[in-house]
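Here's a quick briefing to read alongside the model. Have the viewer open as you go.

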Amino acid sequence: MAQIRLDRSALHHNFRLIHQRSQGRFAAVLKDNAYGHGLTLIAQELARLGVERAVVRNRHEALQIASLFPWILVLADHPRADGFHYAINELATLRHAPRRSRVQLKIDTGMHRNGLIPEELEQAFKLVKERGLLLTGVFTHFRSADELGSDLFWQRERWRQVKERLFKLIARYHLPPPTFHSANSAALFRAGIDPGELARVGIALYGYIEYPPSLPAPALKPVLSLWARRIATRHLDPGSRIGYGGVFEAQEAMVVSTYDVGYADGLFRSMRQCAAGAILGRMSMDSLVLAGRALEVPIITDAKRIAHDLGTISYEVLVKLAPTLPRSFSQTPSI
Ligand SMILES: *Cc1c(COP(=O)(O)O)cnc(C)c1O
């Protein structure tokens, strides 16, 4: 059966680089099944390494790892008074949050996706007080940390100005100091974090960063690899065609095998190459064809290379991997 192998030593290596760069001040972003790696496997390993903070997409994910981290931030779900921290993506949410909910205000400093605008802060603090909410964090998200240019730096400047306003409001409303956080992986390695802040690190944990070639990148190692097993082998005569539409034609006699992974597992049907070489003909739902007869072949060992061929980013290749694929740690590097 096709399976995902996780390289424990690569995860430890990435963790060490992130730990060094952030001086231990980071939350591990585990949303969307830990970027396709497997939520509980990655969460358990990071908890063993001493990580205390995790970021997830919804309460369902938070519940699966609740016992492993004292601090879990839920990015997009309705706040509850259940001990998790809930991101507040618009003002109206504060009016419906139950008393004693832990809330973290997301501030829109230029991405214009989610978050309160700085002009709404006063109103937000009023609601926090009136409704008896626990304000545990304030954060923002950078839109261009992995792109060339000065965009990241002006946005950070704007965030610093917002923080000045926040410090005043916190004092005026007599609130305990919340945690501040802004940097994702790209911003952490490019610009570091301001004193007292946390970073929220996702993709770098898994071994990738999407910098343009001219920006120096940290030496991260991919954690995940995808392997497939042989289903059947056949000899083809010259002129034989393979798969739907017969788009591949053997030019000479050759041996080919089908392998038990396809686009139902999260691969892209438009993939022409995998880690083991050229994909012959069209990929099927549950299988693909490669030259040779190896019992097991690597399909993905470097998500960035595959993403590049497909015109996308490592994140998309990773998160699409079906949750039904078995996942496990291999002690030794699998490649
Ligand atoms: C996904 C996400 C992150 C992590 O970003 P990476 O680029 O994977 O490090 C950080 N913050 C927020 C709000 C996110 O949604």
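Predicted model: local features only at pLDDT ≥ 70, side-chain atom pairs only at ≥ 80, totals over all residues.

Residues are numbered from 1 along each chain as its sequence is written, and side-chain values use heavy atoms, with hydrogens and water left out.

**Nonpolar cores**

- A nonpolar core is a set of buried Ala, Val, Leu, Ile, Met, Phe, Trp, Tyr and Cys residues joined through side-chain atoms within 4.5 Å; buried means under 20% relative accessible area (1.4 Å probe, protein chains only).
- The largest one has 102 residues, and Leu30, Leu94, Leu105 and Ile299 touch the most other members.
- H7 supplies the largest share of this core, six residues.
- Both domain 1 and domain 2 put at least three residues into this core.
- There's also a second, separate core of seven residues, including Ala250 and Met254.

**Helix H6**

- H6 covers residues 121-131, and Leu121, Ala124, Phe125, Leu127 and Val128 are buried in it (helices are DSSP runs of H or I, at least four residues; strands are E, at least two; both are numbered from the N terminus).
- Down the H6 axis, the buried residues fall within an arc of 160 degrees, so they line one face of the helix; the arc is taken over directions from the helix axis to the C-beta atoms.
- Those buried residues pack against H5, S6, S7 and H7.
- Gly132 follows H6 and has a positive phi, near 65 degrees.

Methods. Buried < 20%, exposed > 50% of the residue type's maximum accessible area, 1.4 Å probe, protein only. Contact = heavy atoms within 4.5 Å. Domains from an automatic or database assignment.
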